[in-house]
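Student: Hey, can you walk me through this one? I'd like to go bit by bit.

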Amino acid sequence: MRTDFSTSFDSEKDKKANRPVTLMQIDWPALGVLPALTLRLTDRGSDSDHKILSLIGTDWHAVIESTVSLDRLVTAGNFSANSVADLNIALTNLPTALFSPEKPFSHVFRDRPPESATVTVSQWFDGLLESDIAPIFVARIQDPIKFDEVSCSFDLVDIASSRGSV
């Protein structure tokens, strides 16, 4: 069982009515003339704040539609027994304020190879501190990558298994 959560995180996690906030940070290194790029995504945000969650001075864009199998990575009984270390992520692909001018998420793949990004998926609860953000999964973007005008989905594969060392 995982024991590295903060006491505050554990307390919030154990409340039945408390839903965690999923945070996903995607970091691309500098590539040629392109500077490094960091995108911060979340599954929370309201229309009144233009689908942005301001968390401890950092804006997270609410474009995550679903994180299939994420619960498998945070359920106490599964921490040491994940036989398949990957997730499927679906994002809104409508133009958003992630880019200026607003563009769909899939636009980033025109200039940046998906597999060169490092993705950190974390969870957090409203009212906690930045130090209570709990990284759950560090991965690389892998195929299949699918997108249309409305949605973009891709797999995230555990960074250790994507490099061949499990």
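Student: What should I know before I look?

Tutor: This is a predicted model, where local features need pLDDT of at least 70, side-chain atom pairs count only at pLDDT 80 or more, and totals for chains, interfaces and linings use all residues. Residues are numbered from 1 along each chain as its sequence is written, and side-chain values use heavy atoms, with hydrogens and water left out.

Student: ok, and what's the mean pLDDT?

Tutor: The protein chain averages 82, with 78% of its residues at 70 or more. pLDDT is the predictor's confidence in each residue, from 0 to 100.

Student: Where does pLDDT stay under 50?

Tutor: That's residues 74-83. Where pLDDT is low, the predicted coordinates should not be read in detail.

Student: Got it. How many helices and strands are there?

Tutor: The protein chain has 3 helices and 9 strands. Helices (H or I, at least four residues) and strands (E, at least two) are DSSP runs, numbered from the N terminus. Along the sequence the pattern reads α-β-β-β-β-β-α-β-β-β-β-α.

Student: And how much of the chain is buried?

Tutor: 38% of the 166 residues count as buried. Buried means under 20% relative accessible area, exposed over 50%, and partly exposed in between (1.4 Å probe, protein chains only).

Student: New topic: how many aromatic pairs does a search find?

Tutor: There are 4 in the whole structure. Rings of Phe, Tyr and Trp (its six-membered ring) pair if their centres lie within 6.5 Å; planes under 30 degrees apart count as stacked, over 60 as edge-to-face, and the rest as tilted. One of the pairs is Trp 28 with Phe 109, which is edge-to-face because the planes sit at 70°, with the ring centres 6.4 Å apart.

Student: Which parts of the chain does that pair tie together?

Tutor: Trp 28 is in strand β1 (residues 21-28) and Phe 109 is in the loop between β6 (86-92) and β7, so the pair ties together parts 81 residues apart in sequence. Trp 28 is buried at 2% relative accessibility, and Phe 109 is buried too, at 16%.

Student: What about Phe 105 and Phe 154, how do they pair?

Tutor: Those two rings are stacked, 6.2 Å centre to centre with 25° between the planes. Phe 105 lies in the loop between β6 and β7, while Phe 154 belongs to strand β9 (residues 151-158), so this pair ties together parts 49 residues apart in sequence. Phe 105 and Phe 154 are both buried.

Student: Which residues do the ring pairs link into a cluster?

Tutor: Trp 28, Phe 105, Phe 109 and Phe 154.

Student: Which way do β3 and β4 pair?

Tutor: Strand β3 (residues 52-55) and strand β4 (residues 58-62) pair in the antiparallel sense over 4 bridges. Two strands pair if DSSP finds at least two bridges between them. Leu 53 stands opposite Trp 60 in β4. In the hairpin, with 2 residues between the strands, Ile 56 takes a positive phi near 55°.

Student: Where are the cis ones, then?

Tutor: The bond from Ser 100 to Pro 101 is cis, with omega near -5°, and Pro 101 sits in the loop between β6 and β7. A cis bond also joins Asp 143 and Pro 144, with omega about 0°, and Pro 144 lies in strand β8.

Student: Last one: what does Ser 122 touch?

Tutor: Leaving out residues up to four places away in sequence, Ser 122 touches Val 21, Thr 22, Leu 23, Ile 133, Ala 134, Pro 135 and Ile 136. Contact means heavy atoms within 4.5 Å. Ser 122 is in strand β7 (residues 118-124) and counts as buried at 8% relative accessibility.
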